[in-house]
Amino acid sequence: MSELLRVEGLNVVYRTRGGSLPAVRDVSLTLRRGEILGLVGESGSGKSTVLTALMRMLPRSTRVAAERVDFAGTDLFSLGDDSMRRLRGRRIGLIPQRPMTSLSPVTTVRKQLALLSGGVIDDACAHRLLGEVGLGGLSDRLGDYPFQFSGGQLQRMLMAIAVLAHEPDLVLADEPTTTLDVTVQAQILRLLLDLRNRLGNSVIFVSHDLAALSQVCDRVGVMYGGHLVEMAETRDLFTKPQHPYTRALLDALPARRARGERLRAIPGTVSGSHHLSGCPFAPRCDAATHLCAVDTPPPRRVGSSTVRCHHAGAAS
Ligand SMILES: Nc1ncnc2c1ncn2[C@@H]1O[C@H](COP(=O)(O)OP(=O)(O)OP(=O)(O)O)[C@@H](O)[C@H]1O
Ligand code: SF4
Ligand SMILES: [Mg+2]
């Protein structure tokens with residue numbers, strides 16, 4: 001499979017009232033054509049910020065820098081605003097994290113489908129797209145407003161626009177299943193896979209749900225405190241996690257505990273980790289040493305994973 005996206009050294013700093021917040025720190029990743037790459041990590045670890053940076057939709061006051069962001073041979077960060085606008089939706093589609101807040105409450109679904117798709121969706125096309133995401137029964141409700149639909153229905157509508165209206169090369173899916181019940185979740189995952197198999201697009205799929213990631217992703221990246229702390233083939237990540245945070249995440253999965261056994265939470269909180277100068281996980285890590293507190297671990301290869309941990313791979 002050839003490479004579609006290469007990100008090297010991505011940094012994003014938000015300006016907030018409390019000062020600067022380095023939300024994404026030195027993140028590098030690649031994505032092959034037709035690949036589904038998962039991103040997981042605690043709330044606030046920077047997952048959505050990575051996607052928003054790739055769409056170039058961050059607030060104007062935000063500082064964004066990267067050594068390289070190459071999308072199909074185009075340097076995304078040096079594209080003019082007009083070219084980037086043309087690329088958005090057509091070649092890179094975003095399925096946003098919160099469907100209800102991504103759609104205007106005072107505009108009919110018909111109008112929004114048309115706007116969001118860059119004017120290519122007429123009623124006949126909308127009926128076809130809704131049918132493809134299992135919403136054929138709603139075709140006569142295009143004149144309704146977003147609040148008249150369920151979260152799952154809106155999520156599928158946004159998916160129809162992001163993936164089907166232009167069949168973009170890259171789909172950025174920000175927690176597309178989080179607000180949905182398990183049966184609808186399964187349908188959405190199936191749909192993502194079917195579309196990828198049919199259209200051959202690449203997907204970055206952000207989710208807190210490790211089970212969902214394990215079902216659909218080829219590789220999974222783990223974020224913590226703005227760093228991408230581990231990246232591996234899905235099977236390797238789940239069977240041979242190398243980073244202490246990845247291990248703790250997997251250990252916290254209820255399915256890994258015997259019935260009646262106490263559920264294991266990761267002690268401490270992620271709060272403040274973006275500002276630490278050494279390893280962001282150090283305050284919560286059993287294996288931390290003095291080096292971890294003072295020196296940021298660079299990414300390195302351990303087994304089949306790329307890991308940011310000074311001590312990963314040491315005999316344990
Ligand atoms: N527009 C913004 N202005 C200032 N800070 C922001 C902004 N958006 C996000 N942040 C902060 O940046 C950090 C990363 O946020 P981000 O939304 O990328 O996290 P996330 O991993 O997607 O979390 P979640 O799993 O909760 O969606 C957080 O500390 C968040 O509070
Ligand atoms: S670098 Fe140190 S603190 Fe960070 S995860 Fe590895 S052992 Fe733990
Ligand atoms: Mg998010």
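A residue counts as being near a molecule when one of its heavy atoms lies within 4 Å of it. Keep that in mind for ligand 1, which has 16 residues around it, with Ser 43, Gly 44, Lys 47, Thr 49 and His 208 coming nearest. Everything here comes from a predicted model, where local features need pLDDT of at least 70, side-chain atom pairs count only at pLDDT 80 or more, and totals for chains, interfaces and linings use all residues. Residues are numbered from 1 along each chain as its sequence is written, ligands are numbered from 1 and chains lettered from A in the order in which they are written, and side-chain values use heavy atoms, leaving out hydrogens and water.

Let's stay with ligand 1 and look at its polar contacts (pairs of N or O atoms within 3.5 Å). Thr 49 has a polar side-chain atom 2.5 Å from an oxygen atom of the ligand. With His 208, a side-chain N or O atom is 2.8 Å from a ligand oxygen, while Gly 46 uses a polar backbone atom, 3.0 Å from an oxygen of ligand 1. On its own, ligand 1 has 640 Å² of accessible area, and the protein covers 68% of that (areas by the Shrake-Rupley method with a 1.4 Å probe).

Which elements build this shell? At least two residues each come from β1 (3-16), β2 (19-32) and α1 (47-55), and α1 gives the most, with 3. Helices here are DSSP runs of H or I with at least four residues, and strands are runs of E with at least two.

Now over to ligand 2. Among the residues around it are His 243, Cys 279, Cys 285, Cys 292, Cys 309, His 310 and His 311. Its shell has 9 nonpolar, 3 polar and no charged residues, with Cys, Ala and Pro among those counted as nonpolar, and Gly as polar.

Finally, the open spaces. A pocket is an open set of points on a 1 Å grid over the protein atoms alone, with protein on both sides within 12 Å along at least five of seven lines; its lining residues have an atom within 4 Å of a point. The largest pocket has a volume of about 510 Å³, and of its 20 lining residues, Met 55, Met 57, Gly 89, Leu 94 and Leu 116 are the closest to its centre. The second largest pocket has a volume of about 390 Å³. Of the 14 residues lining this second pocket, Arg 56, Met 57, Leu 58, Arg 60 and Asp 81 are the closest to its centre.

Technical notes: Polar contact = N/O pair within 3.5 Å; in protein donor to acceptor, adjacent residues only side chain to side chain. 1 Å grid on protein atoms, 1.4 Å probe; cavity = no way out; pocket = protein on both sides within 12 Å on 5 of 7 lines; lining within 4 Å. Points joined across faces, edges and corners; volume = space filled by probe spheres on them.
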